[in-house]
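Biologist: I would like to go through this model with you. Could we take it step by step?

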Amino acid sequence: MPVFTVHGPSANGTDIRLTDKFVLVRDGFHFWAMVLGPLWLIWNRLWLATVGWIIVSIALNSAW
């Protein structure tokens, strides 16, 4: 069963009743994101998450 999250405009200055501005985003598990994490992040242009992944990876490797 697919699960979706609803994203709408902020309430500042906009009418919340404008439902055509809402976006449904499918939530789920991505196999390739698990197997090839950093490459998947780069492919999807998630630059800050990629930098965070690199920093955490370096920190964990230097801690051992």
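Biologist: Does Leu39 count as buried or exposed?

Modeller: This is a predicted model, and in it Leu39 counts as exposed because its relative accessibility is 54%, where the cut-off for exposed is over 50%.

Biologist: Which nonpolar surface patch includes Leu39?

Modeller: Leu39 belongs to a patch of about 1000 Å², made together with Phe29, Phe31, Trp32, Met34, Val35, Leu36, Ile42 and Trp47. Two or more residues of the patch come from each of the elements α1 (31-35) and α2.

Biologist: And which element gives the most to it?

Modeller: That is α1, with 4 residues.

Biologist: How far is Leu39 from Ala59, C-alpha to C-alpha?

Modeller: The separation is 19 Å, for two residues that are 20 apart along the chain.

Biologist: Let us change topic. Where does Thr50 lie, and in which helix?

Modeller: Thr50 is part of helix α3, residues 47-63.

Biologist: Is that residue, Thr50, buried or exposed?

Modeller: Thr50 counts as buried, because its relative accessibility is 7% and the limit for buried is under 20%.

Biologist: What does the side chain of Thr50 reach?

Modeller: It reaches the backbone oxygen of Leu46, at 2.8 Å.

Biologist: Leaving aside neighbours within four places in sequence, what is Thr50 in contact with?

Modeller: Thr50 is then in contact with Leu41 and Ile42.

Biologist: Now the whole chain. How many helices and strands are there?

Modeller: The protein has 3 helices and 2 strands, and along the sequence they follow the pattern β-β-α-α-α.

Biologist: What share of the residues counts as buried?

Modeller: The share is 5% of the 64 residues; Thr50 is one that counts as buried.

Biologist: And of the contacts with a separation of 6 or more, what share joins residues 24 or more positions apart?

Modeller: Such pairs account for 6% of those contacts.

Biologist: Lastly, what does the accessible surface come to?

Modeller: It comes to about 6000 Å², and carbon and sulfur atoms hold 68% of that area.

Definitions and conventions: Residues numbered from 1 in each chain as written. Predicted model: local features only at pLDDT ≥ 70, side-chain atom pairs only at ≥ 80, totals over all residues. Heavy atoms only, no water. Patch = residues over 30% accessible without salt bridge, like charges linked within 9 Å, V, L, I, M, F, W, Y side chains within 5 Å. Areas by Shrake-Rupley, 256 points an atom, 1.4 Å probe, with all protein chains shown as cover. Salt bridge = Lys/Arg side-chain N within 4 Å of Asp/Glu carboxyl O. Buried < 20%, exposed > 50% of the residue type's maximum accessible area, 1.4 Å probe, protein only. Polar contact = N/O pair within 3.5 Å; in protein donor to acceptor, adjacent residues only side chain to side chain. Contact = heavy atoms within 4.5 Å.
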